[in-house]
Amino acid sequence: MFISSAFAQTAPAAAAGGDMTSSLMSMLPLVLMFVVLYFIMIRPQMKKQKEHRAMIDALAKGDEVVTAGGMLGKVSSISDSHIGVQIANGVDVQMQRSAVVQVLPKGTIK
C-alpha cells in the first residue's frame, strides 16, 4: 500500500574477456596491500625472531644478560629450557631462556 515496488537495474552484458580483466583489476589493490604488508611488517619481524633465537642458543655460562623484567645478572647454569641467573652474591634465579632480552658485554655488571 505505502511501499512501492523496487526494481533492480542490471548492468548491460559485457564481453567475457572484459569481465575477467575487470575482476583481476579489482583484486590488484588487495594483492599489492598484502605485498607491502609482507615487506614492511612480516619479514622484519621474522628476521628479529631469528636473531633472538640465535642469541638464546648461543648463551653460555658467565654471560651477562638483561631479562624481560629488567633484571641484570650473570648466567650461572644452563639447561635446555631454563637458565640460572645470579643477580647478587649468593642469589640465583631460575628463568626461561626466552626471558633473556639482551646479552651485555663482559664487565658491564659490577
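# Close-up views of a predicted model

View 1. I42 sits in helix 1, which spans residues 16-57. Helices are DSSP runs of H or I with at least four residues, strands are E runs of at least two, and both are numbered from the N terminus. The model is predicted: local features need pLDDT of at least 70, side-chain atom pairs count only at pLDDT 80 or more, and totals for chains, interfaces and linings use all residues. Residues are numbered from 1 along each chain as its sequence is written, and side-chain values use heavy atoms, with hydrogens and water left out.

Is I42 buried or exposed, or in between? I42 is partly exposed, at 33% relative accessible area. Here buried means under 20% relative accessible area, exposed over 50%, and partly exposed in between (1.4 Å probe, protein chains only). I42 belongs to a nonpolar surface patch of about 1,100 Å². Patches are made of residues with over 30% relative accessible area and no salt bridge; like charges are joined within 9 Å, nonpolar side chains (Val, Leu, Ile, Met, Phe, Trp, Tyr) within 5 Å. Areas come from the Shrake-Rupley method with a 1.4 Å probe; for residues, only the protein chains shown count as cover.

**View 2. The annotated segment, residues 25-42.** An unreviewed UniProt entry annotates residues 25-42 as "transmembrane region". UniProt positions follow the numbering used here, feature names are shortened, and annotations may be inferred rather than shown by experiment. The span is 100% helix and 0% strand. Its end C-alpha atoms lie 25 Å apart.

**View 3. The whole chain.** The protein chain has 1 helix and 5 strands. Along the sequence the pattern reads α-β-β-β-β-β. Of the 110 residues, 15% are buried. The chain exposes about 9,000 Å², and carbon and sulfur atoms supply 64% of that area. Among contacts (heavy atoms within 4.5 Å) with a separation of 6 or more, 42% join residues 24 or more positions apart.

**View 4. The largest nonpolar core.** Which residues form the largest nonpolar core? The 8 residues are I56, L59, V65, V75, I83, V85, M95 and V100. A nonpolar core is a set of buried Ala, Val, Leu, Ile, Met, Phe, Trp, Tyr and Cys residues joined through side-chain atoms within 4.5 Å. In soluble globular proteins, nonpolar side chains tend to be buried together. Leaving aside neighbours within four places in sequence, V75 contacts A60, K61, G62, D63, V65 and G84.

**View 5. M55 and I56 in helix 1.** M55 is in helix 1, and I56 is in helix 1. I56 is buried, at 9% relative accessible area. M55 and Q102 are 47 residues apart in sequence, and their C-alpha atoms are 8.1 Å apart. For I56 and V103, 47 residues apart in sequence, the C-alpha separation is 9.1 Å.

**View 6. T67 in strand 1.** T67 lies in strand 1, residues 64-67. T67 is buried, at 5% relative accessible area. Not counting residues up to four places away in sequence, T67 touches M95, A99, V100 and V101.

**View 7. The salt bridge D63–K106.** How many salt bridges does a search of the whole structure find? The search finds 1. D63 pairs with K106, with the closest N and O atoms 3.3 Å apart. D63 lies in the loop between helix 1 and strand 1, and K106 in the segment after strand 5 (100-104), so the pair ties together parts 43 residues apart in sequence. A salt bridge is a side-chain nitrogen of Lys or Arg within 4 Å of a carboxyl oxygen of Asp or Glu. D63 is buried at 13% relative accessible area, whereas K106 is exposed at 60%. Side chains of opposite charge can pair when their charged atoms come close.

**View 8. D80 in its loop.** D80 lies in the loop between strand 2 (72-78) and strand 3 (82-88). D80 is exposed, at 77% relative accessibility. D80 and R97 are 17 residues apart along the chain, and their C-alpha atoms are separated by 8.2 Å.
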